[in-house]
Structures are given as C-alpha cells and as structure tokens.
Amino acid sequence: MYGGGNTFEGIQTESLQEDPVQLAAFEARIDRGEKIEPVDWMPQLYRKQLIRMIEQHAHSEIIGALPEGTWITRAPGFKRKLALMAKVQDEVGHAQLLYSAAETLGKSREAMIDDLISGKSKYSNIFNYPAYTWADACFISWLVDAGAIVNQLANAKGSYGPYCRALERICAEESFHLKYGHHCVIYLATGTAQQRQMFQEAINRWWTPMMHFFGPADKISTHTEVLMKWKVKMSTNDDTRNQFLDMYIPKIWELGFTIPDEKLKKNQETGRWDYTEPDWEEFKRVINGDGPCNKERLEVRRIAEERGRWVRTALQSPKAAYIMPLA
Ligand code: FAQ
C-alpha cells in the first residue's frame, strides 16, 4: 500500500463500523447507478474519502492557476493574453465549484483553505514545477488539461451528486482550454525551429510530472479500491494514464515531437502502453511538500488569503464596509 498503510486520518479504513442494513441499502443504490445526495445516509468512510478527494481537487485548481497565471502578462499577443486570462479565471471558478461540493459533506471552506496553507492537504503534483517558458504554459493548457479531462469525464459519472454536477460543468469549460492549448501548440509546432525546440524542451521537462499526474501505479495506490467500489473514482490510476496515452501520444508524435522515454510503445498483445515506470520516489517527495515550487505556491496562497481577509470580513459585516482600507 502507498503512503504508509490503509489508514485515513488515523482511522483504519477497513474497520469503520457501520449499520450493516444501512450499508447494504447504500451499496445497492450505488450498484443501481443512483446519485447520493448530501441529505442521504452515507458511510463515514465514503464521506471522508469524498472530502479528501474533492478538497484536493479544489486545491489543485486554485494552485493550478498559478504557473499559467504568471504568463498572462507575457503571453505573445493580445488575443493570447485574453484567452489565457479567461482560462485562469475559469480554473479559479472550478475551485469555487469544488469547494462548494466539498462543503456539502460538512467541512467548511475556511478549514479547507487552512489545511492547504498549512500543508496538511495535498494538491496535484504537477503544479509544483516551474513554467520557465511560454512553451511550458502551452504544455499545461494542452496536455495537463487533457489529462484532467480524461480523469474528470470518467468521474462525472460517479456516485456523489454534487461532485458529478460540478465535474460536468468543469469538463465543458476544460474542453475550451484544451482547444486553446492545442491551438497554441500547433502554432509553435508549425513555427520556427526555435519555437519547435521550445515545445520539445517543455515536453522533456514535463513528461515525468505528467505521468505522475494520474496517481501512483495501481499496485501501490492506497485509495483506489474503496473509491472504485463506491463509484467515486470510475477508473484506476493506470487505466486513466493508459487512456491519456492512447489519446494523446499519437497527436504528439503526429506533430513530430518525441517523448523522453525509450520504452514508450503500444503493446499490440495487451492493447496497453508500455513505458518506463516513472520515479515514484520523486512523486512522493513532490506531493509531500518538497518539489521545486511547493513553498512558493503555498506562500502565494497564504499572502492572497491574508490580503483578502478584509474583503471577507467586509462581506460578512455590512457595517465594516464603511471602514475598509483604501489600499
Ligand atoms: N498529485 O491512493 P491514490 C487540473 C496522492 S485538476 C498529488 O492513488 P486517489 C485542472 C493521494 O492524494 C488536477 N497527490 O489516491 C487544471 C494519496 O495521498 P493521501 C487534479 C496525489 O485519490 C488543469 C496518495 O497519493 N485532479 O489539473 C496525486 O485514489 C490545468 C495515494 O494515491 C483531481 O484531483 C497527484 N497527482 O487517486 C488546473 C481529480 N495522485 O490523500 C489548472 C480528482 C495521488 O492519502 C491548469 N482526483 N496523490 O495523503 C482523483 O481522481 C484522484 O484523487 C487521483 C489520485 C487520481 C488524483
């Protein structure tokens, strides 16, 4: 098992006591493909796992806005600036939808943000890497969004109503991001030798984090089994990774770029992709706070939280609106 055993917040995942009659009725509803709503009975572990996963997803959207956000002022041309600004705004909007979905399960938004800033909660590994060049920003808009869509389209058919509805809306917006990202990459791919080289270097930098993005290999994943049983996760990490490779490797190769993995090829017998197992020790370090940009990302969030406090206070108290600072 990955991450130190089958515990969740100190609770043995397999020993939570539930009323067997209620549990059986709940599982029958899941098997029939019904949606579970906030007012419905649900096992404690289902609730906890959903909070963990939706909260991590929300944090990923809000932190995910940062590497691309730094490119808004430097994007090449007015139209690219406008499009990127809209995309970054969308990502922050996705976080709002997801925090609202997680709140229906009983954890407050403030508690979630506190856990993000203190490092208690995780967020996607991939946003802890720097976007050095415009081509890095294009890689994120095309391929990271593509990976997110593969994962989210599957999970939108899952069992928890508020999360699935949020994912449907998010996927619709992500599809525009994907088109935008693809357009940016085609432009580089059909540009000068230097532009092509820039994107090739971005692929080389981002390939390992991209392989990590779908989560640890199934044989070392902690939560997949229970999440699949209760249809929170609709595809295992390896299956989602494979689906992404199936859809996007041909597109990358078609543009004449290479992937920095000599073992990467479609295995005709298994119908799946063979690849070099990405370094899971690096993954573990990055998701636990020791990636190239973790400290910077959380510091930006902490400052934003601090600077925005007076706005939240003002919104909660109409009187405070009259004593807001001017700057
Ligand atoms: N990064 O047992 P599993 C986006 C952790 S949205 C960091 O396999 P699980 C949009 C995991 O939490 C991107 N940590 O976990 C966008 C657990 O640790 P814990 C986010 C990861 O939950 C695009 C441990 O490893 N998408 O990109 C990662 O069954 C462009 C064991 O792993 C979602 O969150 C990771 N990649 O499967 C924004 C989708 N993978 O909690 C801006 C919803 C695993 O025990 C620009 N989430 N860990 O301490 C999921 O589908 C699942 O949670 C997985 C992980 C598949 C991410």
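The following questions and answers go through a predicted model of one protein chain.

User: What radius of gyration does the protein chain have, and how does it stand against a compact globule?
Analyst: The C-alpha atoms fill a box of roughly 65 × 65 × 35 Å along the principal axes. For 327 residues, a compact globule would have a radius of gyration near 20 Å, and the protein chain agrees with this, its own value being 21 Å.

User: How many helices and how many strands does the protein chain have, and what share of its contacts joins residues 24 or more positions apart?
Analyst: The secondary structure of the protein chain consists of 12 helices and 4 strands. Among contacts with a separation of 6 or more, the share that comes from residues 24 or more positions apart is 75%.

User: What percentage of the residues is buried, and what part of the accessible surface belongs to carbon and sulfur atoms?
Analyst: Of the 327 residues in the protein chain, buried ones make up 49%. The accessible surface comes to about 16500 Å², and the part of it belonging to carbon and sulfur atoms is 56%.

User: Which residues is W207 in contact with, leaving aside its neighbours within four places in sequence?
Analyst: W207 is one of the residues with the most contacts inside the largest nonpolar core. Once neighbours within four places in sequence are left aside, its contacts are F244, L245, I249, I252, I259 and P260.

User: Is S141 buried or exposed, and how far in space is its C-alpha from that of E174?
Analyst: S141 is found in helix α5, and it counts as buried because its relative accessible area is 1%, under the 20% cut-off. Beyond its neighbours within four places in sequence, S141 is in contact with E68, K87, H177, L178, Y180 and G181. E174 is 33 residues from S141 in sequence, and the C-alpha to C-alpha distance between the two is 9.2 Å.

User: What is the phi of K231, and where does K231 lie?
Analyst: Most residues other than glycine have a negative phi. K231 is not a glycine, yet its phi is positive, at about 55°. With a relative accessible area of 25%, K231 is partly exposed, and its place is the loop between α8 (224-229) and α9 (237-254).

User: Is T236 buried or exposed, and which residues does T236 contact beyond its neighbours within four places in sequence?
Analyst: T236 lies in the loop between α8 and α9, and its relative accessible area of 14% makes it buried. The C-alpha atoms of T236 and G33 are separated by 18 Å, the two residues being 203 apart along the chain. Leaving aside neighbours within four places in sequence, the contacts of T236 are D218, T224 and M228.

User: Which residues does N242 touch, not counting residues up to four places away in sequence?
Analyst: N242 is found in helix α9, where its relative accessibility of 8% counts as buried. Not counting residues up to four places away in sequence, N242 touches G271, R272 and W273.

User: How far apart are the mean positions of the positive and negative charges?
Analyst: The protein chain has 41 positive and 43 negative charges.

Notes:
Residues numbered from 1 in each chain as written. Predicted model: local features only at pLDDT ≥ 70, side-chain atom pairs only at ≥ 80, totals over all residues. Heavy atoms only, no water. Core = buried A, V, L, I, M, F, W, Y, C linked by side-chain atoms within 4.5 Å. Buried < 20%, exposed > 50% of the residue type's maximum accessible area, 1.4 Å probe, protein only. Contact = heavy atoms within 4.5 Å. Helix = DSSP H or I, 4+ residues; strand = E, 2+ residues; numbered from the N terminus. Rg over C-alpha atoms; globule rule 2.2 N^0.38 Å. Areas by Shrake-Rupley, 256 points an atom, 1.4 Å probe, with all protein chains shown as cover. Lys, Arg positive; Asp, Glu negative; His and termini not counted. Charge placed at Lys NZ, Arg CZ, Asp CG, Glu CD.
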